[in-house]
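Here is a short briefing on one protein chain. Please keep the sequence and the model in view while reading.

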Amino acid sequence: QVQLVESGGGLVQAGGSLRLSCSASGRTSGNINMGWFRQAPGKEREFVAAISWRGGLRDYADSVKGRFTISRDNAKNTVYLQMNSLQPEDTAVYYCAARVAWPLVVSYDYLGQGTQVTVSS
């Protein structure tokens with residue numbers, strides 16, 4: 001089992017920035033692919049970004065390319081999502097996800113509890 005705990009969500013004005021963090025613990029947490037999904041009210045959960053366990057591969061949803069950056073620190077078992085130029089449509093609950101296999105675009109093995117991100121116009 002892998003446990004995922006997100007932090008860093010909050011309220012920000014349009015054009016602002018936030019950095020989300022996700023701390024992983026448990027078995028295989030050191031060599032597991034990780035990423036982020038989000039779910040806005042009334043919408044399905046969607047993929048945001050993913051990073052391979054060594055950090056050499058990254059995937060982004062088209063809607064966040066050029067604005068969001070995913071990174072990880074394996075020494076801390078932590079993955080980050082730097083979100084810049086935030087827009088109201090980025091408002092959602094952001095979930096940290098992990099998967100043994102790659103890619104992590106449509107499927108995950110583990111999911112965190114989520115952290116709320118709200119972008120005001």
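Predicted model: local features only at pLDDT ≥ 70, side-chain atom pairs only at ≥ 80, totals over all residues.

The chain has zero helices and eleven strands. Two aromatic pairs are present, and Phe37, Phe47 and Tyr108 form one aromatic cluster.

**Overall fold**

- From the N terminus on, the elements read β-β-β-β-β-β-β-β-β-β-β.
- The chain has 121 residues, for which a compact globule would have a radius of gyration near 14 Å; the value here is 13 Å, which agrees.
- Along the principal axes, the C-alpha atoms fill a box of roughly 40 × 25 × 25 Å.

**Burial, surface and contacts**

- Of the 121 residues, 44% are buried.
- The accessible surface of the chain is about 6,200 Å². Carbon and sulfur atoms account for 46% of that surface.
- Take the contacts between residues at least 6 apart in sequence: 56% of them join residues at least 24 apart.

**The pair Phe37 and Phe47**

- Phe37 and Phe47 make an edge-to-face aromatic pair, at 5.7 Å centre to centre and with 75° between the planes.
- Phe37 belongs to strand β4 (residues 33-39) and Phe47 to strand β5 (residues 46-51), so this pair ties together parts that are ten residues apart in sequence.
- Both Phe37 and Phe47 are buried.

**The pair Phe37 and Tyr108**

- The ring centres of Phe37 and Tyr108 lie 5.1 Å apart and their planes meet at 70°, so this pair is edge-to-face. The angle qualifies because edge-to-face requires planes over 60 degrees apart.
- Phe37 and Tyr108 link distant parts of the chain, 71 residues apart. Phe37 sits in strand β4, while Tyr108 sits in the loop between β9 (92-99) and β10 (110-111).
- How is Phe37 classed, buried or exposed? Phe37 has a relative accessible area of 4% and is buried, because buried means under 20%.
- Tyr108 has 28% relative accessibility and counts as partly exposed. That class applies because the value falls between the limits of 20% for buried and 50% for exposed.

**A charge over a ring**

- Which ring lies under the charged end of Arg45? The ring is that of Tyr95, with the charged end 4.5 Å from the ring centre.

Technical notes: Residues numbered from 1 in each chain as written. Heavy atoms only, no water. Phe/Tyr/Trp six-rings, centres within 6.5 Å; stacked < 30°, edge-to-face > 60°. Helix = DSSP H or I, 4+ residues; strand = E, 2+ residues; numbered from the N terminus. Buried < 20%, exposed > 50% of the residue type's maximum accessible area, 1.4 Å probe, protein only. Lys NZ or Arg CZ within 6 Å of the ring centre and 35° of its normal. Rg over C-alpha atoms; globule rule 2.2 N^0.38 Å. Contact = heavy atoms within 4.5 Å. Areas by Shrake-Rupley, 256 points an atom, 1.4 Å probe, with all protein chains shown as cover.
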